Every structure is written in C-alpha cells, then in structure tokens.
Amino acid sequence: MTRPCDLIVFDLDGTLVDTAALHVAATQAAAHAVFGMPAPAALVARSLGQPLPDSMRVVSDARGHIPELMVAFMEYYADHEGEAARCFAEAIPTLAALRDAGLPLALLSNKLRAWGQAEIARLGLLPYFARVVFVEDMPTPKPSGQALQPILTALGIPAARTLLIGDGLSDLHCARAAGALSGAALWGPHDPVPLLAAHPTYAFRAMGEVLALLGM
C-alpha cells in the first residue's frame, strides 16, 4: 500500500494530551483573579488552542488586562499541570506503531517551549519525535502556514507529503496554508462540527484511524 504521506506532524494539547479541562480551569481562575467573575463559556471555548496572549485576548473580550490574565493563567496552570494533563489512552501506542513503521514524526504546538518541553518529557512523549517545535520556534504561530516551515526544513520533507493532525481550526488552517495534508483529530472533547466544516483532508474519530490510513 502506498503511503499518503512521508511525515506526520501532531499538535500537542487536545490531540495527544487531554488538557481541555485544565485550560478551562486556568482560564476561569485568571478571569476571577482579574475581573472578579467567570468568563462566558463561549469565550473560553474560543480561547482553546491559541497562543496564550491570543487566548487571553479572547477571554478579555476587549476589557484589556492581557498581561495580568496571562500571569494568573500561568500560575494556576503551573500549579495543576502535573495532576491534570494526561495523554489520551491511544497516544503512546499510536506514536510507537508509527515510529516502528519507520515514519518520521514531529510535534508542532503553539504552547510556550518551557511548558511544552516539560509536559512531553513528563508524559514520555519526547522520544517519539524527530523534531519538536513550540511557539518561540515558529516564524509565525499557527494558523500561519509558516509555523510548519521549521519542521519541513529540518527534515527535508515537502509540505505536500506531510500530514498535520490537530484538534483545532488553527491546525487545519496551518496545514492548508502550508500546502500540507490536514487531519482533524475528533477524539477530544471539542465540537467536531467546525472542524468538519473546514474540510480537512482526513477526519479521524479515533487515533487508530491514523494507523488504518497507513494500512497498519
């Protein structure tokens, strides 16, 4: 069977690691600390998957205080990350099967590098990736197609032979802008409708479907 791609790039939070509840809790803690009240659920949902300044800008809803929100968010997140962030059950078996099949893997996350590196090391994800790129390593964060460029350059694989899998619209838009294949990760807690409406190349209801795509 001919493989549809020569490289798979995964998003981190919401794709390999379930951090949605932690993000929501940290966001609400920040909103309480700065504004004295919870943020509307719709704003919190829109803030998921974005670089932290952009995420807090959404939560601020034009009220300002972005730096204060970021500090409060980071304090809560750092205090609770070790207990609240866990790999999805299929994550490591899927990564191991792909790696054992000789397919290069990379990680592309809008997360701050210090947090992301600590997270993937603690959860045992680091050994599976040939390249890891966090927000400071990108010319422009996702959804820009330029976010993918450091991985493509380092591994020497063209965008057209690369599959970017993520649970956010920013992942799908990044893939399309870069000329890569896109895969919507639908196994997380988010509403699949916006992801499917973005017409990804592939839609995966479970991680095992990624292996099936490759004939594994």
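Biologist: Buried means under 20% relative accessible area, exposed over 50%, and partly exposed in between (1.4 Å probe, protein chains only). Which of these is Tyr202?

Modeller: Tyr202 is partly exposed, at 22% relative accessibility. Phe204 is buried, at 3%.

Biologist: Where do these values come from?

Modeller: From a predicted model, where local features need pLDDT of at least 70 and side-chain atom pairs count only at pLDDT 80 or more, while totals for chains, interfaces and linings use all residues. Residues are numbered from 1 along each chain as its sequence is written, and side-chain values use heavy atoms, leaving out hydrogens and water.

Biologist: Helices next. How do α1 and α4 cross?

Modeller: Helix α1 covers residues 20–35 and helix α4 residues 66–84; their axes come within 8 Å and cross at roughly 145 degrees. Helices are DSSP runs (H or I, at least four residues) and strands likewise (E, at least two), numbered from the N terminus. Axes are lines fitted to C-alpha atoms, for helices over the stretch in contact, with angles from 0 to 180 degrees between N-to-C directions.

Biologist: Which residues meet there?

Modeller: Among them are Leu22, Ala26, Ala30 and Phe35 in α1, and Leu69, Phe73, Tyr76 and Tyr77 in α4. Contact means heavy atoms within 4.5 Å.

Biologist: How many aromatic pairs are there?

Modeller: Rings of Phe, Tyr and Trp (its six-membered ring) pair if their centres lie within 6.5 Å; planes under 30 degrees apart count as stacked, over 60 as edge-to-face and the rest as tilted. By this rule there are 3 aromatic pairs. In one of them, Tyr77 and Trp115 have ring centres 4.9 Å apart and planes at 10 degrees, so the pair is stacked.

Biologist: What does that pair tie together?

Modeller: Tyr77 is in helix α4 and Trp115 in helix α6 (residues 113–122), so the pair links parts 38 residues apart in sequence. Tyr77 is buried, with a relative accessible area of 4%, whereas Trp115 is partly exposed at 22%. Tyr202 and Phe204 have ring centres 6.0 Å apart and planes at 25 degrees, so that pair is stacked too.

Biologist: Which residues form a cluster with Trp115?

Modeller: Phe73 and Tyr77 form one aromatic cluster with Trp115.

Biologist: Switching to Pro141. Where is it?

Modeller: Pro141 is in the loop between β5 (131–133) and α7 (149–155). Pro141 is partly exposed, with a relative accessible area of 27%.

Biologist: And what does Pro141 touch?

Modeller: Leaving out residues up to four places away in sequence, Pro141 touches Pro51, Asn110, Val135 and Ala147. The C-alpha atoms of Pro141 and Val210 are separated by 25 Å, and the two residues are 69 residues apart along the chain.
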